[in-house]
Amino acid sequence: MPNAQPAIPDFLYGTAWKEDRTAALTELAIRSGFRAIDTANQRKHYFEAAVGEGLASVYRARLVTRADLFLQTKFTYQDGQDRRLPYDPAATLSVQVAQSMASSLEHLCTDHVDSFVLHGPASNSHWTTEDFETWQAMIKERDAGRTRLLGVSNISLAQLQQMARAHVEPPEFVQNRCYASRGWDREVRAFCRERNIIYQGFSLLTANQQVLRHPTIATLAVEINATPAQIIFAFARQIGMLPLTGTSSAEHMKQDLASLSLELPPDAVNAIEAIAG
Ligand SMILES: NC(=O)c1ccc[n+]([C@@H]2O[C@H](COP(=O)([O-])OP(=O)(O)OC[C@H]3O[C@@H](n4cnc5c(N)ncnc54)[C@H](OP(=O)(O)O)[C@@H]3O)[C@@H](O)[C@H]2O)c1
């Protein structure tokens, strides 16, 4: 059983699309002050073994220990993968989940992760029989101590409601792409809030370029001496999200973390929430 119990983080550093820079950027993120890392055992978009190399460097430098970090990875169905699979595609989903987790632990040089996320349900429309089997296998991984917490990503309100109706154990995290044009995923966030599920928002900047350029943000940026990106991250936190950033820049890492000490006035939060991208 894991003995480390790092608290729920306040910011997640995302390692997607970093390819050969993954190890160096993971190390830089931790050196810059991030203590929570998001990855996936999906070689198509993430290089999880290189995240492990970055972690090994910071451990060697005695900058942090495993217990200081929150590590999150994902199980990805074959449909979301290329040919570099972390499991036997002929095996049952339960076995695939176990193999994917075993491979993640090897990549990340640890005996447990802090959060294990289903990268996305098998269908866009509903929670399928495949999802029931996969989720049960993920619960088994949690019960065996290989993850502390469970999450689901790219999930709709209808699917969350279906899980609840079927009395499926709820996730601790929902991780979704967060579009201002969809009320910043208002309905899913409300569902999560009512059930103490932590909402992780990704692509807060890339999915909301129009918001970053909006006059409301520009005026506020001057008033409080912050960048538009910092305002979006502070806003996300103030409406109850756990944000992810995918920056590759040392300067932006510092700025993103500095946004944790920004406190936007309530009328600014309301104004940003009302911007429909
Ligand atoms: N569950 C899923 O299906 C899923 C899908 C996509 C992503 N994710 C996770 O979410 C993470 C973040 O995703 P994302 O890349 O879409 O996030 P993002 O943070 O919205 O996008 C990163 C972009 O924002 C820029 N940026 C970051 N901080 C900035 C700042 N302070 N000022 C100006 N620009 C800034 C970056 O440019 P610079 O590099 O120049 O800073 C980069 O172009 C991923 O790495 C991954 O872990 C999960």
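A disulfide is taken here as a pair of cysteine sulfur atoms within 2.5 Å. The structure is a predicted model, so local features need pLDDT of at least 70 and side-chain atom pairs count only at pLDDT 80 or more, while totals for chains, interfaces and linings use all residues. Residues are numbered from 1 along each chain as its sequence is written, and side-chain values use heavy atoms, with hydrogens and water left out.

By that cut-off, the disulfide count comes to zero. The sulfur of Cys192 has its closest cysteine sulfur in Cys178, and at 11 Å that is too far for a bond. Cys178 counts as buried at 0% relative accessibility, and Cys192 does too, at 1% (buried means under 20% relative accessible area, with a 1.4 Å probe and protein chains only).

Now for the ligand. Around it sit 27 residues, of which Asp38, Gln175, Thr247, His252 and Asp256 come nearest (a residue is near if one of its heavy atoms lies within 4 Å). By class, the shell divides into 15 polar, eight nonpolar and four charged residues; Gly is put with the polar ones.

A polar backbone atom of Ser248 is 2.8 Å from an oxygen atom of the ligand, and a backbone N or O atom of Leu205 lies 3.1 Å from a ligand oxygen. The protein buries 81% of the 910 Å² that the ligand exposes when taken alone (Shrake-Rupley method, 1.4 Å probe). Elements giving two or more residues to the shell are β6 (173-177), β8 (241-245) and α10 (250-258), and α10 supplies the largest share, three residues. Helices (H or I, at least four residues) and strands (E, at least two) are DSSP runs, numbered from the N terminus.

Key: Polar contact = N/O pair within 3.5 Å; in protein donor to acceptor, adjacent residues only side chain to side chain. Buried < 20%, exposed > 50% of the residue type's maximum accessible area, 1.4 Å probe, protein only.
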